[in-house]
Amino acid sequence: MAAGGGRGGASAARRRRREEDPSVQLSRALSYVLRHGAAAVGLPMGPDGFAEVGALLRLRRFAGVSEADVRRVVAEDPKGRFALRPDPLRIRANQGHSLQVPALELTPLRTPAALPPTLAHGTRRRLWPPIRAGGLSPMGRTHIHLAPGLPGDPGVRSGMRPDSEIVIIIDGPRALAGCLLPLEEPSHEDEGVTPPTRTV
């Protein structure tokens, strides 16, 4: 099952244009502060991961950013990275935290019937050797993100980077039962065949 593609000059140019987009830069700044850096930059954050937008906009790195800019980035984000709450207006990163967020709103999936039919994690080929050696790891974050489908499937917004070259398929019911799943090499690695792996 293919899960990646080649990179040419045109795709590199598109990436550069995207990286220069002010909305992309703001999204990245919000992601850093709300997922990892709130304490380091002095932003108060509740146990649910929400921080007041007013306090956020007083930070030096958000000089010149307006509440309307924040609302637009949240509304237009294709991966649904952020959530807003009113009175007072607050913002939260929905996932990807390395900060401890003890009251983050998560929906437990306690039975096989509650699981999506596919559980997948996209990664790059260069990361396969360490994954094979040690399994999937949160890598300093609080959770491992899995997608409910494969690249290109409708509704796949998280756990699958657009530049993923390998897709790791998880046996959901066995993982839910606490089984340690064996790592297996792709049978046709050059073709991007997706390997099963174990979960943490």
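Start by selecting Gly149, in the loop that runs between α5 (128–134) and β5 (166–170). Keep in mind that you're looking at a predicted model. Is Gly149 buried or exposed? Its relative accessibility is 1%, so Gly149 counts as buried, the cut-off for that being under 20%.

Next, go to helix α6, which covers residues 172–176, and pick out Ala175. With a relative accessible area of 22%, Ala175 is partly exposed. Which distance separates Ala175 from Pro112 in space? Draw a line from C-alpha to C-alpha and you get 9.6 Å, for two residues that sit 63 apart in sequence.

Now for a pair of helices. Show α2 (residues 22–41) and α4 (residues 67–76): their axes come within 10 Å and cross at roughly 90°. The two helices are therefore roughly perpendicular to each other. To see where they touch, select Ser23, Leu26, Ser27 and Leu30 on the α2 side, then Asp69, Val70, Arg72 and Val73 on the α4 side. Colour this contact by class and you'll find four nonpolar, two polar and two charged residues.

Last stop: the ring of Phe50. Arg90 lies over the face of Phe50, 5.3 Å from the ring centre.

Definitions and conventions: Residues are numbered from 1 along each chain as its sequence is written. This is a predicted model: local features need pLDDT of at least 70, side-chain atom pairs count only at pLDDT 80 or more; totals for chains, interfaces and linings use all residues. Side-chain values use heavy atoms; hydrogens and water are left out. Axes are lines fitted to C-alpha atoms, for helices over the stretch in contact, and angles run from 0 to 180 degrees between N-to-C directions. Helices (H or I, at least four residues) and strands (E, at least two) are DSSP runs, numbered from the N terminus. Angles under 35 degrees count as roughly parallel, over 145 as roughly antiparallel, 65 to 115 as roughly perpendicular and the rest as oblique. Contact means heavy atoms within 4.5 Å. Ala, Val, Leu, Ile, Met, Phe, Trp, Tyr, Cys and Pro count as nonpolar, Asp, Glu, Lys and Arg as charged, and the others, Gly among them, as polar. A charge sits over a ring if NZ of Lys or CZ of Arg is within 6 Å of the ring centre and within 35 degrees of the ring normal. Buried means under 20% relative accessible area, exposed over 50%, partly exposed in between (1.4 Å probe, protein chains only).
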